[in-house]
Amino acid sequence: MPSPESNRQQRIQEVQSIDFDHVAARCRDLDRAFIDELVKRLAELGYADFPPSSTNILFSLDPEGTSLALLTERLEISKQAVSQMTKELVQRGYVELQANPNDGRSKLVRHTDKGISFMEAIFRTKFHLHQELTDVIGVEAMAQVEANLTKMTNYLK
């Protein structure tokens, strides 16, 4: 009779050996491939120094600037993570810190010209990638994919 430990290990191996290629895994693979290609193309445009995990900060900033506290709230990550990402972006020239006119104890994170140009490059590159994928499968198929993904997402929410 097998021991409880060997039975446990066998059950783990059986579950781990299941090869079920579900739609979420395919979406994850597409997302990773899309991001990899986006990063490669942005590097070709001169933005090889941008940390991809910090992109959300740029798109969460208000035009007049945003406090670190509000960024932490918007991004739903720790204050330490926001501070570290912001520090990197300041060092690389994508954002700057300015005194907050409404609160002398805090600073505002603001886009630099380089940060604004980078956001524009992201949108252009994403648009081109989307267009290329549409060319691969066709306009009608892309519309159907987008509609079905929206339906599935709404169902799960």
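Author: In this predicted model, the secondary structure of the chain consists of seven helices and three strands. Following the sequence, these elements occur in the order α-α-α-β-α-α-β-β-α-α. The chain has a radius of gyration of 22 Å, whereas the globule rule gives 15 Å for 157 residues, so the chain is more spread out than a compact globule. Along the principal axes, its C-alpha atoms fill a box of roughly 70 × 50 × 35 Å. Buried residues make up 25% of the 157 in the chain. Among contacts with a separation of 6 or more, 51% involve residues 24 or more positions apart.

The pair to examine is helix H4, residues 68–75, and helix H5, residues 79–91. Two packed helices are described by the distance between their axes and by the angle between those axes. For H4 and H5, the axes come within 9 Å and cross at roughly 115 degrees. Angles of 65 to 115 degrees count as roughly perpendicular, and H4 and H5 are therefore roughly perpendicular to each other. The crossing in which H4 passes H5 is right-handed.

On the H4 side, the contact is made by Leu68, Leu71, Thr72 and Leu75. H5 contributes Lys79, Val82, Ser83 and Thr86. Sorted by class, the residues in this contact of H4 with H5 are four nonpolar, three polar and one charged.

Definitions and conventions
Residues are numbered from 1 along each chain as its sequence is written. This is a predicted model: local features need pLDDT of at least 70, side-chain atom pairs count only at pLDDT 80 or more; totals for chains, interfaces and linings use all residues. Side-chain values use heavy atoms; hydrogens and water are left out. Axes are lines fitted to C-alpha atoms, for helices over the stretch in contact, and angles run from 0 to 180 degrees between N-to-C directions. Helices (H or I, at least four residues) and strands (E, at least two) are DSSP runs, numbered from the N terminus. Angles under 35 degrees count as roughly parallel, over 145 as roughly antiparallel, 65 to 115 as roughly perpendicular and the rest as oblique. A crossing is left-handed if the near helix is turned anticlockwise from the far one by less than a right angle, and right-handed if clockwise. Contact means heavy atoms within 4.5 Å. Ala, Val, Leu, Ile, Met, Phe, Trp, Tyr, Cys and Pro count as nonpolar, Asp, Glu, Lys and Arg as charged, and the others, Gly among them, as polar. The radius of gyration is taken over C-alpha atoms; the globule rule is 2.2 Å times the number of residues to the power 0.38. Buried means under 20% relative accessible area, exposed over 50%, partly exposed in between (1.4 Å probe, protein chains only).
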